[in-house]
Structure formats: C-alpha cells, structure tokens
Amino acid sequence: MAEQIALEDVSLQFTAKPHAFTVLEDISLTLQKGEFVVLLGPSGCGKSTILNLVAGFLQPDTGRVLCGGKIVQKPGPARGMIFQQPNLFPWLSVLDNVTFGPRLSRHRKEDVNAEAMDWLARVGLQGFEHHAPWQLSGGMKQRVALARAWLPGPEVLLLDEPFGALDAQTRLMMQELLRSAWLETDTTLLFVTHDVEEALFLADRILVMSAKPGKIVEEIVSPFGRERDIETLAEHPQYSEIKHHVLHRVRQEAKRHLNTL
Amino acid sequence: MKMGQHITISVISVGIFFALWQIAATRQWVDPLLLPSLTDIGLTTEELLADGYRQVPLWQHVGVSLARALSAFSVAVILGIPLGLLMGLSEGLSAVLNPFVQFLRPLPKIALIPLAVVWLGIGEASKFFLIFIATFLSVVVGANAAVERIGRSRIRVAQTLGASRRQIFLRVVLPDALPELFTTVRLSVGIGWTSLIAAEMVAASSGLGWMVINASSYLRTDIVMLGILLLGGIGYLLDLLLLGLQRLFVPWAGKE
C-alpha cells in the first residue's frame, strides 16, 4: 500500500497572548491510501487542527505535512473537507451544490450532472436535486455536503465531526452511509470525533489524542473487519473490551486536561 | 401571525387613523387651517390634477421628483456597491477612503446645499448631487459591512473544492453578500428619498418637495398635507418594490 498522508514531527504553537500554548507537539502519523482513520480525543486536543494542517489552512511551525509525497502548501481539490455545519451554498440548488467543484474547472454542467445524480442516489437524495438547501433537514444537508465533497474524486476526505450536530438516529444512518460509500471508493478518510462508539464503528485505525499539548497517545487497529453491521457490532467478542479500554483512555486524557487548566 | 392577518390589522389601523382625522377636522376640534379634512385634501387633489400647481400638473411634480431620485439612486447603487465591496476586501483601499466616508456620512446633507449651489448652480445637477451623495455614502458603508459578515466557512469549502481567488469572489462572496446588499439598498434608498426635500429646496420650480415648501409659505396646509402623503406613500411603495425584488432574487435570505 502507498502512503497517502504523512505528518512528520509536526508542532504548532498558538501565539495569541496571553493564552499562548502548544497546540500540537511532535505529531507523526501516516495514512495509507484508502485507509479510514479516526482521530479521537477530548475537545481542545488539537484534532481539528490536524485536519486544518492536512487541508492546508494552517502551516506547521516545525515538521512537514505531506499528501501523496508532496508538501501541502495551500488548500486544494486533492483534499476535500466536510465540516460540522453543512455550509451549503443557499443560492444554488442541491444539484448545483454537488457539481460546484467540477464546474470550477470548466466542466460543462451536462457532463457532471449524471455523475452528480449517481452521488445523490448513493446518499439517498434522488428526487431532491432541484430543491433549495433551506428546504432540507439537517441530515439531508450534510448528505449533500458529503456528495459535494466526494464527487470531484479527492484523494483524501477530511471530516471534522461531521455528524456532531445531528440527532442520534440520523447520526447512526449517516455513519452507515459514510462507511458504505467509502467501501465503494478508494478514498483515504481522516475523521475527527470525540464519540467513542462512532470511532469504533467507522475506523480501520483509531488514534487517541491527549490535550495541551496535543499528542497521539495510543493507536488501536480495528479487529472488526471490512463488512460491519452497526446493529450487531456490539455483539463482536472484542467489542466491549475495546470500548472500555478506549473510553478509559479518553476519559483519562480529558481528566488530565482538566487538571492542567 | 399569518401574513393575511397582519395585513388586515394594518389596514384597519390605518382606516381608524384616517377616520379620526376626518372627524377631528369636520367637527373642527382643530383649526381647519392647521388640519384640513380628508375631503378638503381630496378636492384639492382634484383641482391640482386638473389645473396643476403653479402651472405645473400634479403628475409632473411627482414625475420630476421620481426622476431625480431614481437617477441618483441608480448611479449611487451602481458605483457604491462595487466600491464598498472592494473596501471590505482591501485593507489598503479602506484605509485610504474610510476617513472621507466616515466624515461625510453623518454630516447633515442640508449643510452641503450652499456648496452644491455654488459648485453646480441651481439646475438639476445640484439636486442630483445632494440625493446621490446621501444614498452613495450609505450604500458604501453597507456594502463594506456586508463583506465582513460573510461566513468564512463557505469560503473554506470553496477553497477545498479548488476555487481560485477570483472564483471565490464571484461565486461565493458576491452571492453570499446579496441578502445584506439588498437590505443596504433598501435603507439607502430611504435615506436618499429623505434628502429629496433638501435637494428641492435648492431654487427649484417643480417637484413634490418644492411643492410642499412653496405651499407652506401660502399657508396652503391642504397642499402641504397632500405633498406629505404622496412623499410618504411613494417612499413606502419604493420599499415594497425593493422588498419584492429581494424575495425574487434572494429567496434564501433569513432561511438558514
């Protein structure tokens, strides 16, 4: 397998006085092509900062961020991103939102519409292509955002707590949707969350982070295999053991973080 | 409250107001010279429609005022929006122009009348200038602020989809600012319409503002009242028109 993303000894300081502190300290991690990795940690541990570095919105103080072997200098279409808020363009229809990326590079609308319709069907939104974003529910909006980010075929998709603002039921459906969509592509996924169960269901590999300074304190390789059922996952013989371990680890880091405040 | 209900209540409230006015005037609770009755104003309107005021037909007073205001509004909006947006996007330009804008904006435009006359004479140019300057400054300030209120996150989405700076401006910043720009134009047109009276105080011989001021010196309160009703009514209609355009062009405003 080829290396898709690499962070090499990355550190980042937040310099605004009087609250200057080290956000990330000597982070090194690699993602193989097509891997699904979840960054798990308490709030404020710098996990979103890692996404912003990979996206190119931030530059590290020291160390390097590589994507496909090249140093990341600015945001670009090779690395798609999905935020907690869908951030759809309300002046465009659902279909035009989804095709926004390809239409930037002089693709004709007609050429990408068929592909966009496939993506809308994949996220369960067939028949909604001519709706306006504000006519959709929160979960539907986030599915449009998913299709919009995925349609241009990015090498990497960065997801910053994308389901955090959704209700529990919708969140489960979105998790299943995301995993099945990922299985059909060879996109590399880096997903940030503080929800342990979400991490367990989604990830090939979980990286647990600590806060202030942000560090990766543990790596857990998922034993659950490629085909997973969200309803029966908890019956897997290793599930509760791993869940307890991860919960304990995350709580430990959160407590330690509280003590340093 | 439903839209229909809202309108019904408004219509009733205005109806009661006019009824009280009519009763107060016909029973002579107030001197008719100070408060002419609605029927008197109606008769005056008929007279002005037939014979005009000072040899100029009423519709022409309305037309002249509207022409002055609308031409000044259009130029102010066409120049003011791009300038305001550019100021919002460029720190440098903002630093150069802001002192002038912030000095002129709160300045009562009446204070500019003597200067406008000296510079531009008593023709249409000075009237255009006074309405223009009031509208323009308000548009510039509003468009400038509209840029600051644009969500950073939508720009970020466009960046990760590969948009260039130019594409971000044309396809994200501009449409994202549109609801705010419409509100700015509505406010500015209101301000511009207000300065119409000031503009028509400059040695004019036609226009609604002039008609009101001229009639007042002959104690023709009925004509003053008619002029005020027309000025207010037209201002109201202009705003409704812009509101309609806003609904048509930015149906997403306020729905997120």
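Colleague: Let's zoom in on chain B: how many helices and how many strands does it have?

Modeller: Chain B has 10 helices and 0 strands, counting DSSP runs numbered from the N terminus (helices are H or I, at least four residues; strands are E, at least two). Keep in mind that this is a predicted model, where local features need pLDDT of at least 70, side-chain atom pairs count only at pLDDT 80 or more, and totals for chains, interfaces and linings use all residues. Residues are numbered from 1 along each chain as its sequence is written, with chains lettered from A and ligands numbered from 1 in the order in which they are written.

So much for the conventions; back to chain B. Its C-alpha trace spans about 70 × 55 × 30 Å along the principal axes. Of its 256 residues, 35% are buried, meaning 20 or more other C-beta atoms lie within 10 Å of the residue's own, with C-beta atoms placed from the backbone (12 or fewer is exposed, in between is partly exposed). Contacts (C-beta atoms within 7 Å, again placed from the backbone) with a separation of 6 or more come 73% from residues 24 or more positions apart.

Now the packing. A nonpolar core is a set of buried Ala, Val, Leu, Ile, Met, Phe, Trp, Tyr and Cys residues joined through C-beta atoms within 7 Å. The largest has 65 residues, with Val38(A) and Leu190(A) among those with the most contacts inside it. Helix α5 (residues 138–150) of chain A gives the largest share, 6 residues. Apart from that core lies another, of 56 residues, including Leu130(B), Phe136(B), Val172(B) and Met225(B).

Conventions: Two residues are in contact if their C-beta atoms, placed from the backbone, lie within 7 Å.
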